[in-house]
Every structure is written in structure tokens, then in C-alpha cells.
Amino acid sequence: MAAKDVDRATPPPLPAPLAVAVADSHTHLDMQSGTPAESLAKAASVGVSTVVQVGCDLPSSRWAAELAAEYEQVHAAVALHPNEAPRLVLGDGDGWSGQSRTAGGSSALDEALAEIDRLAALPQVRAVGETGLDYFRTGPEGVDIQKESFRRHIEIAKRHGKALVIHDRDAHEDVIALLLAEGAPERTIFHCFSGDAEMAKICAEHGWYLSFAGPVTFKANQPLRDALAVTPPDRVLVETDAPFLTPHPYRGRPNAPYLIPVTLRAMALSLGLGEDELATAVAANTARAFGYGQA
């Protein structure tokens, strides 16, 4: 194995601990190395005291609910990822390229959503997500399936009084249009916000939360930092989306909740705030957004 490959496989070092504990608003512990207990302990050692474990399909949603029942510092979100819905309905291949619909596909989606509905009723499940629209992989036929799945997730979230966690990739206008048409839940969170300042202003007008991940630290992403700058302080969250989207200067290496301080410090620097001030706001915002604390 080449030295470069070894470096990319090596977890980044522990950052200096935060003085004010915060939450990782979006992570996938089931996709990371080590046990959940090890990951949570490592995160706690640097001031990341809470995580939201997010499901993308039925197995990972069930796992998230089980983990949150076991660990007080874990809260669950359950859903079918936007790319999972077409996979359940469409034919051969990955289901995201516009293949012909197979017999029974719609019933498979119905059955999966019924299970998400059941999981969403559990007290340790704080949110329905990640759901939304992803046009990066979806062909023409898959778009309508994604929209239908998104609508039904919105309804589930509202009926159970849970937050809605949105995955939005290359679909900003349609995501917003559908939220407004259906009526967004009271607590709506844009996971790994990727829009510009104008979109951030629109989200702010509706009281939606914006969660920022590693990409806000990348040098080329000034428009994303501009979006952060116009986001109301009481609507800012921080996340890892681990094991993906590792912040600079560790881009390309494994991400994990313990790296939240790296992203938060970069955000504080961009905003001209002290890290304790931003951490205090983020902690309160995340508790309010997911309904696990009073703030």
C-alpha cells in the first residue's frame, strides 16, 4: 500500500476539546470504524456530548432507533434516503437511472414507509430524515418517486410531531417548492446545507434550521460561508455527516463526530465569533431543533 493511501486511511488526530459541549446533528455511526461506544467516548472527550444517528433505509433506521434506546446521548432520525425510494420502486441496476418500474415496486415503497411511520412514533426517534430530493443520481422517472416519498415523509413528521431532516442535492428549488406546497413541519432542518446566501435567506424567512458540515471549511466554498453569515444565529447547526465530508485540513480521511470542533472553529472564525459563543448557540439550537432539551 502506498504511503498516500495509508495516510488517507488514517483517522485524523483528536482536536483540542471544546469548552462548551455541542452536538453532532447528523452522523452515521453504522458506517464508521470501531464500536458505537468507542465513537461516542472519543467524541465526548473533545466536547461533542450528543449525536443524532441518521437512518437512510430500513436496516439503518431500525439500527438508529435501537442505538438511541441504548445510549442517552444518542437521538435517532429515521427515513428512506431520496435515492432509496427509487431503488425500491424501479427495476434492475441501482434504481437511480430511470429504468422501467417493476411489478410490486409501489407496494414495496408503501411497506417501507409504513415501517418508517412505526419507527417515527418511538420516543427516542427525534426526527424523520434524511429525506428530500437528490438529482445527482436520479433519472427522469426517479424524480417523481422521490417527490412522492418526500411528501409522505413530511406527512409522517408532522403527524408524529417530529423534526424533518432534509437531504438536498442539486434540487434546491424543488425542495423548497415542495416544502411550501405541503407545509413544512415546525422544525425543519437542512442537513449539510449546500445553498447560497439567497437560499439561506429564504430558509431563514420560514424559520428553518441550517446544518453546516465539512464543506464550509473548504477554501473554494466562500458562497457557503456567505450563506452561514446570513443565517440567523438561532438557526445554525453543525454536523459531520461522518464518515463523509471530513473538514479541512483532513479532507479525504475518515470523518467522525470527534471532528466537530474542527468545523465549529472554522465557522466561528468565518463569523468573527468566539468558539464558546458559537458553541453555546449551536448546543441550544440543536436541542431545540430535535426537541430533546429546553432552550
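For charges, I count Lys and Arg as positive and Asp and Glu as negative, leaving out His and the chain ends. I place each charge at NZ of Lys, CZ of Arg, CG of Asp or CD of Glu. With that settled, I looked up the protein chain: the mean positions of its 25 positive and 38 negative charges lie 2 Å apart.

A note on what I'm looking at: this is a predicted model, where local features need pLDDT of at least 70, side-chain atom pairs count only at pLDDT 80 or more, and totals for chains, interfaces and linings use all residues. Residues are numbered from 1 along each chain as its sequence is written, and side-chain values use heavy atoms, without hydrogens and water.

Next, the overall build. I found 11 helices and 8 strands in the protein chain (DSSP runs, H or I of at least four residues for helices, E of at least two for strands, numbered from the N terminus). The C-alpha atoms fill a box of roughly 55 × 50 × 40 Å along the principal axes.

Then burial. Of the 295 residues, 53% count as buried (under 20% relative accessible area, with a 1.4 Å probe and protein chains only).

Last, the cysteines. How many disulfides does the structure hold? I got 0, a disulfide being a pair of cysteine sulfur atoms within 2.5 Å. Cys 203 is in no disulfide either, and its nearest cysteine sulfur, that of Cys 192, is 13 Å away. Cys 56 is buried at 15% relative accessible area, and Cys 203 is buried at 0%.

Conventions:
Buried < 20%, exposed > 50% of the residue type's maximum accessible area, 1.4 Å probe, protein only.
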